[in-house]
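My notes follow in the order I checked things.

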Amino acid sequence: MKIHKYDTVIVGAGGAGMRAAIEATKRSRTAVLTKLYPTRSHTGAAQGGMAAALANVEEDNWEWHTFDTVKGGDYLVDQDAAEILAKEAIDSVLDLEKMGLPFNRTPNGTIDQRRFGGHSRNHGEAPVRRSCYAADRTGHMILQTLYQNCVKEGVEFFNEFYVLDQLITEEDGVKRSAGVVAYELATGEIHVFQAKAVIYASGGCGKFFKVTSNAHTLTGDGQAAVYRRGIPLEDMEFFQFHPTGIWRMGILLTEGARGEGGILRNKDGERFMEKYAPVMKDLASRDVVSRSIYTEIREGRGCGPEGDHVYLDLTHLPPEQLDAKLPDITEFARTYLGIEPYTDPIPIQPTAHYAMGGIPTNVQGEVLADNTTVVPGLYAAGEVACVSVHGANRLGTNSLLDINVFGKRAGIAAADYSQKADYVDLPENPAEFVVSQIERLRNSTGNERVAELRRELQETMDANVMVFRTEQTIKTAVEKIAELKERYKNVAIQDKGKRFNTDLLEAIELGNLLDLAEVMAVSALARKESRGGHYREDYPNRDDVNFMRHTMAYREVGADGSETVRLDYKPVVQTRYQPMERKY
Amino acid sequence: MATPVMDKVEAQSAASPYITVTFRVRRFNPEVSAEATWQDFQLEIDPKERVLDGLHKIKWDLDGTLTFRRSCAHGICGSDAMRINGKNRLACKTLIKDINPEKPITIEPIKGLTVLKDLVVDMEPFFQAYRDVMPFLITKDTNEPTRERLQSAEDRERFDDTTKCILCAACTSSCPVFWNDGQYFGPAAIVNAHRFIFDSRDEAGEQRLEILNDKDGVWRCRTTFNCTDACPRGIEVTKAIAEVKRALITRRY
Ligand SMILES: Cc1cc2nc3c(=O)[nH]c(=O)nc-3n(C[C@H](O)[C@H](O)[C@H](O)COP(=O)(O)OP(=O)(O)OC[C@H]3O[C@@H](n4cnc5c(N)ncnc54)[C@H](O)[C@@H]3O)c2cc1C
Ligand code: SF4
Ligand code: FES
């Protein structure tokens with residue numbers, strides 16, 4: 001075991017982690033621990049764009065953007081945070097441009113902007129061009145640009161280091177962050193990082209679904225690490241299902257395709273979104289479009305022999321436009337489906353895409369131990385966190401924005417804190433939990449296999465807690481997850497070695513997914529209403545009287561060692577906007 | 001009841017898209033043996049699936065010790081460049097049907113970088129070469145503009161191709177010059193220098209060109225086009241290298 005000491009430790013090197021690192025490195029001695037090489041992070045998969053009311057191509061302002069964000073989130077958004085997001089959007093896009101990001105340009109040389117779902121002029125009048133983009137690889141360019149600037153600033157990375165535990169020292173009832181424990185993939189060695197401030201920027205957890213746009217590595221390690229140590233998780237029942245994933249594979253085809261004029265059609269060729277969202281049509285918010293697609297499928301208007309998908313039609317768009325604006329996704333259709341988007345419509349279905357919930361933070365990125373108490377020295381930003389700027393449903397292009405705005409804020413706040421704070425003493429035996437977890441898996445002679453349990457988990461999640469949910473389906477999922485958690489105790493791995501033991505890490509990642517799936521299902525069961533990404537067929541309406549509040553899920557360990565999820569609730573911050581019915 | 005046998009067989013083959021393929025994988029684990037060996041795995045797989053899906057089938061159902069890097073599974077993270085049937089490709093962007101599945105499919109680590117275990121190589125020298133070309137925008141303006149810097153659509157287009165790079169190392173590790181001499185910067189580093197040299201906003205082109213004028217720089221390139229063939233992002237790598245060479249001669253870019 002090795003012990004390291006840093007002022008600031010950042011967990012994750014995606015967009016949020018590297019944006020934080022650029023700030024923190026200038027102000028404090030900083031280490032970035034990341035399980036992937038930074039440029040492999042899933043921010044690089046983002047296609048469509050980053051929202052900011054630059055008003056480069058038409059009238060726009062941050063107040064309209066704030067409103068759209070609050071409405072898009074079905075009013076579960078904390079409005080003070082949404083206002084910060086929309087205001088600071090403008091500088092965060094300009095920051096990236098100055099760092100070198102090659103945005104697409106207008107004829108006068110300014111940053112070009114395009115339409116995206118749910119973004120409108122003057123509170124819902126018509127779609128507005130607010131998304132700043134670099135072809136359909138905006139996330140790739142953000143990730144590359146941030147990495148380039150990390151190289152420039154000399155950021156210190158520990159690549160292929162997996163953070164497996166959060167160290168918390170509790171004194172007089174006050175929880176403080178003492179550091180993290182990491183596992184080095186190349187050697188199997190365990191490293192304890194003592195740090196005055198820790199920032200989680202470890203991304204999402206979409207891999208508990210089968211059809212998903214998320215990478216294999218998005219297994220919610222950060223959420224699980226803090227949850228196990230008594231930090232709550234907020235709004236985990238809210239997961240976004242993106243309307244246009246490649247049929248059966250889940251690979252994303254950006255909403256920018258519809259922003260450029262693409263149309264969704266059922267088997268009769270009908271542009272069905274006109275029925276469900278007369279004004280915004282194909283560009284209504286994602287939860288609305290995903291439900292509409294499944295309604296078409298359920299009512300027998302799906303395409304293909306099994307009627308289990310619909311089409312994204314780009315055939316009326318000029319090939320030059322597809323080549324210039326959507327080169328990557330048209331290539332995906334060719335590579336993975338053998339389909340030529342110039343001439344044929346693309347089979348799509350909704351795909352599990354984005355976790356609105358996560359580690360609760362305030363607008364400085366400080367993690368909360370309950371509804372109000374900050375955990376000194378602990379921060380989170382990006383998809384792992386819940387500020388909450390996305391509420392019950394995130395608008396497209398608001399996440400690349402979130403990681404930049406709140407990554408920067410968390411980086412500054414954490415470094416400032418670590419400049420004035422002292423180290424917190426490490427617990428007696430800091431690596432104990434990780435060592436015992438690894439030893440148990442290495443020595444297990446059980447008969448359960450990681451891959452099988454993960455398959456069963458993904459199948460139950462897809463079947464029971466996806467776009468449509470009912471009491472019955474969620475209960476089925478809760479029971480299945482409990483069974484899988486039991487069986488997980490008997491999981492065994494084949495690779496017993498130290499070097500690059502990805503067999504071992506997949507087993508640990510599965511444990512994290514199981515914990516988070518349980519939190520999601522239990523939170524969903526209790527929310528007896530429909531709001532944003534959480535749709536209950538047995539409670540089809542939003543219920544502001546009983547459920548205009550954030551879910552806070554805590555892990556409870558009984559005297560007999562049994563684990564349960566305890567739910568509590570937190571008020572939503574409302575400033576200017578009163579909840580209204582959401583129409584697009 | 002007399003059911004014609006042929007129909008049954010036909011119906012079955014129509015229902016099941018699966019075929020049997022052999023994956024012949026180069027295995028190496030110094031914890032076990034100092035020697036690398038070939039190991040065959042038989043798989044039932046839909047030919048429309050990816051080589052990566054095949055590797056997962058092995059790892060998840062047959063042999064958990066098989067080790068490779070991967071993340072996104074659709075060709076954008078650059079984790080899984082490997083030598084498939086002797087050519088550098090991304091396992092997640094290569095469909096089984098496209099690589100002659102009647103014969104055993106050989107899978108090896110990319111060449112020229114030290115193999116650490118199975119398909120995992122040491123990427124550090126690759127990233128070091130990248131860092132050495134100063135891969136970040138350098139400007140000299142003393143007072144930064146308050147808004148964005150302006151750039152015409154044409155100027156933006158000038159370096160579009162080289163912004164697509166995902167640092168997968170397929171190009172560099174397909175280059176015979178790099179195999180023979182690991183000191184050569186390699187195509188990927190030159191691609192990333194190109195991305196800045198031809199960006200109208202950048203003001204350090206001269207410095208970057210000097211770095212690449214080095215004995216281990218662009219002049220080592222022998223224009224074998226392996227890199228261009230290997231690039232999963234369709235970047236015209238050899239052309240980018242040629243443009244850097246020309247810029248070195250003309251000092252115009
Ligand atoms: C296909 C796709 C397209 C998208 N398109 C858009 C878009 O157009 N616009 C938009 O706004 N949003 C988009 N999104 C959403 C957005 O891209 C993501 O929410 C955002 O990039 C997440 O960034 P992040 O920095 O929080 O996490 P990631 O980029 O996922 O980074 C996570 C980091 O954490 C590290 N990590 C994870 N676990 C550990 C651990 N245990 N120890 C150490 N390190 C760890 C990883 O190595 C990685 O570096 C898209 C998402 C997807 C999947
Ligand atoms: S130029 Fe192409 S092959 Fe080379 S590293 Fe970049 S993406 Fe990979
Ligand atoms: S797994 Fe990301 S490029 Fe293949």
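**Arg251(B).** I started with the side chain of Arg251(B), which makes a polar contact with the side chain of Glu210(B) at 2.9 Å. A polar contact here is a pair of N or O atoms within 3.5 Å; within protein, one must be able to donate a hydrogen and the other to accept it, and residues adjacent in sequence count only if both atoms are side-chain atoms. I also found a polar atom of the Arg251(B) side chain 3.2 Å from the backbone oxygen of Leu248(B).

The model is predicted: local features need pLDDT of at least 70, side-chain atom pairs count only at pLDDT 80 or more, and totals for chains, interfaces and linings use all residues. Residues are numbered from 1 along each chain as its sequence is written, chains are lettered from A and ligands numbered from 1 in the order in which they are written, and side-chain values use heavy atoms, with hydrogens and water left out.

Where does Arg251(B) sit? I placed it in the segment after α9 (237-250) of chain B. Helices (H or I, at least four residues) and strands (E, at least two) are DSSP runs, numbered from the N terminus. Arg251(B) counts as partly exposed because its relative accessibility is 30%.

I then listed contacts, meaning heavy atoms within 4.5 Å. Setting aside neighbours within four places in sequence, Arg251(B) is in contact with Glu206(B), Leu209(B), Glu210(B), Asn213(B) and Arg246(B). Leu209(B) is 42 residues away along the chain, and its C-alpha atom is 8.8 Å from that of Arg251(B).

**Thr397(A).** Is Thr397(A) buried or exposed? I read it as buried, because its relative accessible area is 4%. Thr397(A) lies in the loop between β18 (385-386) and α11 (398-420) of chain A. Its side chain makes a polar contact with that of His119(A), at 3.1 Å. Beyond four places in sequence, Thr397(A) touches Gly49(A), Met50(A), Ala51(A), Phe116(A), His119(A) and Ser131(A).

**Ligand 1.** I counted 39 residues around ligand 1. A residue is near a molecule if one of its heavy atoms lies within 4 Å of it. The closest are Ser41(A), Thr43(A), Glu383(A), Ser399(A) and Leu400(A). For Glu383(A), a polar side-chain atom lies 2.7 Å from an oxygen atom of the ligand. For Ser399(A), an N or O atom in the side chain is 2.7 Å from a ligand oxygen. A polar backbone atom of Ala201(A) is 3.5 Å from an oxygen atom of ligand 1.

**Ligand 2.** Which residues come nearest to ligand 2? Of the 13 around it, I noted Cys165(B), Cys168(B), Ala169(B), Cys171(B) and Cys231(B).

**Domains.** Domain bounds come from an automatic or database domain assignment. Chain B splits into domain 1 (14-121) and domain 2 (124-138 + 153-250). Their centres, over C-alpha atoms, are 28 Å apart. I found 13 residues of domain 1 of chain B in contact with 14 of domain 2.

For chain A the assignment gives domain 1 (246-350) and domain 2 (432-548). Here 30 Å separate the two centres, again over C-alpha atoms. Seven residues of domain 1 of chain A contact seven of domain 2.

Notes. Buried means under 20% relative accessible area, exposed over 50%, partly exposed in between (1.4 Å probe, protein chains only).
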